[in-house]
Amino acid sequence: MTNSQQPKISLVTGASSGIGHAIARALAAEGHTVIITARRQERLEELDAPNVVIMAGDLTDSEFQEQVVNTVFDTYGRCDYLFNCAGSIETGAIDTIDVDKMAAMIRLNVEATFRLTYLVLKRFKAQGSGHVINLSSVMGTKVRPTAGAYAATKFAMEALSEALRMELAGTPLKVSCIEPGLVMTELHKDWPVHPKESMGIHHPLTVDNIVDTVKFILQQPEHVRIPKLMILPGDHQI
Ligand SMILES: NC(=O)c1ccc[n+]([C@@H]2O[C@H](COP(=O)([O-])OP(=O)(O)OC[C@H]3O[C@@H](n4cnc5c(N)ncnc54)[C@H](OP(=O)(O)O)[C@@H]3O)[C@@H](O)[C@H]2O)c1
């Protein structure tokens with residue numbers, strides 16, 4: 001996935017399922033040492049390979065985050081890529097949404113993402129290299145009824161990415177923000193009606209489509225930046 005023969009070190013959150021899992025699997029297949037994290041140890045273990053390191057835990061726990069970052073840099077001396085894939089979705093009208101689940105989503109999608117980026121970015125700056133790849137959403141650019149809270153978390157991720165793009169301009173450090181439409185993962189597994197049906201999306205994206213997007217971003221030469229990349233199913237009318 002990279003234009004260098006040097007083995008890369010990647011930290012992937014949300015790697016127990018869906019997009020994070022697929023990205024971690026692809027990176028490992030290309031020879032990266034991949035540190036994978038999520039809460040479900042048994043699902044992380046599905047990515048069993050000599051160059052995959054499992055660190056199970058809750059990313060909303062700031063001590064766990066520090067433990068992950070310290071382990072990565074103490075063990076390998078550096079990290080090349082941070083993939084912020086962990087995320088959840090909670091929908092509902094603003095006055096009827098489950099407010100505690102909404103707050104948990106905000107803690108994960110916003111606070112945990114900002115905090116981990118804060119921790120890793122300091123290390124990236126110290127080593128003089130590094131690339132943050134944020135899994136935002138098309139909902140980071142648009143709002144629809146019942147998705148105000150989720151969209152707000154993704155707007156926050158867009159703001160993080162945009163500020164980083166400007167703050168890192170002129171340095172070797174990179175930030176990219178991927179904005180997918182509907183992808184078939186476990187994100188909507190508890191929904192009574194899958195958005196595929198309710199939104200009439202007959203051919204949603206696959207995780208492989210997102211892996212291809214990541215490959216495109218990582219293959220760019222040093223001087224090229226891909227700050228944002230939206231990827232949609234052809235019949236996703238939004
Ligand atoms: N699927 C889509 O249609 C779509 C579209 C646009 C953007 N996205 C974004 O893409 C990202 C990945 O979503 P996905 O579709 O791959 O969903 P997914 O299959 O549900 O994966 C979510 C990942 O986040 C992890 N996670 C959840 N809560 C966590 C916590 N408290 N601490 C640590 N890890 C936690 C989950 O692992 P554990 O449960 O094991 O902790 C899982 O690995 C999300 O940010 C999502 O918003 C998805």
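The questions below concern a predicted model.

Q: What makes the pair of Q220 and F216 a polar contact?
A: A polar atom of the Q220 side chain lies 2.9 Å from the backbone oxygen of F216. The cut-off for a pair of N or O atoms is 3.5 Å, and the distance of 2.9 Å therefore falls within 3.5 Å.

Q: Why is the contact of D80 with R78 called a salt bridge?
A: The closest N and O atoms of D80 and R78 are 3.1 Å apart. A salt bridge requires such atoms within 4 Å, so the pair qualifies. D80 is buried, at 9% relative accessible area, whereas R78 is partly exposed, at 22%.

Q: How do you know that E162 and R165 are separated by about one helical turn?
A: Both residues belong to helix α5 (residues 148–167), and they are three residues apart, which means a separation of about one helical turn.

Q: What makes D61 partly exposed?
A: D61 has 35% relative accessibility. Buried means under 20% and exposed over 50%, so D61, in between, counts as partly exposed. Together with D58, E63 and E66, D61 forms a negative surface patch.

Technical notes. Residues numbered from 1 in each chain as written. Predicted model: local features only at pLDDT ≥ 70, side-chain atom pairs only at ≥ 80, totals over all residues. Heavy atoms only, no water. Polar contact = N/O pair within 3.5 Å; in protein donor to acceptor, adjacent residues only side chain to side chain. Patch = residues over 30% accessible without salt bridge, like charges linked within 9 Å, V, L, I, M, F, W, Y side chains within 5 Å. Areas by Shrake-Rupley, 256 points an atom, 1.4 Å probe, with all protein chains shown as cover. Salt bridge = Lys/Arg side-chain N within 4 Å of Asp/Glu carboxyl O. Lys, Arg positive; Asp, Glu negative; His and termini not counted. Charge placed at Lys NZ, Arg CZ, Asp CG, Glu CD. Buried < 20%, exposed > 50% of the residue type's maximum accessible area, 1.4 Å probe, protein only. Helix = DSSP H or I, 4+ residues; strand = E, 2+ residues; numbered from the N terminus.
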